Amino acid sequence: MNKISASNKDNIIVWNEDDEVYSVIANAPTGKTATTNASATTATTIKVGWSQAADGTWSFVKADGTKATAWYQYGTTWYYLKANGVMQTGWINDNGTWYYCNGSGAMLANTTIDGYVLVANGAWAK
């Protein structure tokens with residue numbers, strides 16, 4: 001977060017314009033007596049979709065805030081993301097079946113790559 005604003009004495013807004021992420025920090029209501037200290041509540045928005053890391057790798061953040069892993073369909077296109085959420089390109093061996101994802105990460109199908117025929121589901125036809 002690189003910006004901060006106070007909308008009133010009980011609410012603070014912090015945000016990062018580059019990442020399009022913000023949080024609202026609000027004090028708990030003081031109308032009731034509590035036996036423990038009131039804590040601040042934080043609401044955070046999640047930027048859903050493709051995100052490029054500083055090292056150039058890509059990942060996809062789902063609505064629940066987790067990174068997509070394994071095969072993930074976005075629109076009509078399939079992508080393969082490693083266990084750490086990083087998109088993979090090139091040849092992929094998935095349980096003994098080979099697939100090919102181009103430079104944008106899209107799985108190819110019904111085509112020939114390096115002399116290898118990929119069928120409708122994207123698998124290499126041996």
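Residues are numbered from 1 along each chain as its sequence is written. As the model is predicted, local features need pLDDT of at least 70 and side-chain atom pairs count only at pLDDT 80 or more, while totals for chains, interfaces and linings use all residues; side-chain values use heavy atoms, with hydrogens and water left out.

Reader: How many helices and strands does the protein chain have?
Author: Helices (H or I, at least four residues) and strands (E, at least two) are DSSP runs, numbered from the N terminus. By that rule the count for the protein chain is zero helices and 13 strands.

Reader: How many aromatic pairs are found in the whole structure?
Author: Rings of Phe, Tyr and Trp (its six-membered ring) pair if their centres lie within 6.5 Å; planes under 30 degrees apart count as stacked, over 60 as edge-to-face and the rest as tilted. A search of the whole structure gives ten.

Reader: How many residues apart are Trp50 and Tyr74?
Author: Trp50 and Tyr74 form an edge-to-face pair, 6.2 Å centre to centre with 85° between the planes. Trp50 is in strand 5 (residues 49-52) and Tyr74 in strand 7 (residues 70-74), so the pair links distant parts of the chain, with a separation of 24 residues.

Reader: Why is the pair of Trp71 and Tyr99 edge-to-face?
Author: The ring centres of Trp71 and Tyr99 are 5.1 Å apart. Their planes are at 65°, so the pair is edge-to-face.

Reader: Is Tyr99 buried or exposed?
Author: Buried means under 20% relative accessible area, exposed over 50%, and partly exposed in between (1.4 Å probe, protein chains only). Trp71, at 22%, counts as partly exposed. Tyr99 has a relative accessible area of 13%, so Tyr99 is buried.

Reader: Which residues does Thr66 touch, not counting residues up to four places away in sequence?
Author: Thr66 lies in the loop between strand 6 (58-61) and strand 7. Contact means heavy atoms within 4.5 Å. With that cut-off, Thr66 touches Phe60 and Val61.

Reader: What is the C-alpha to C-alpha distance between Thr66 and Val48?
Author: Thr66 and Val48 are 18 residues apart in sequence. In space, their C-alpha atoms are separated by 9.4 Å.
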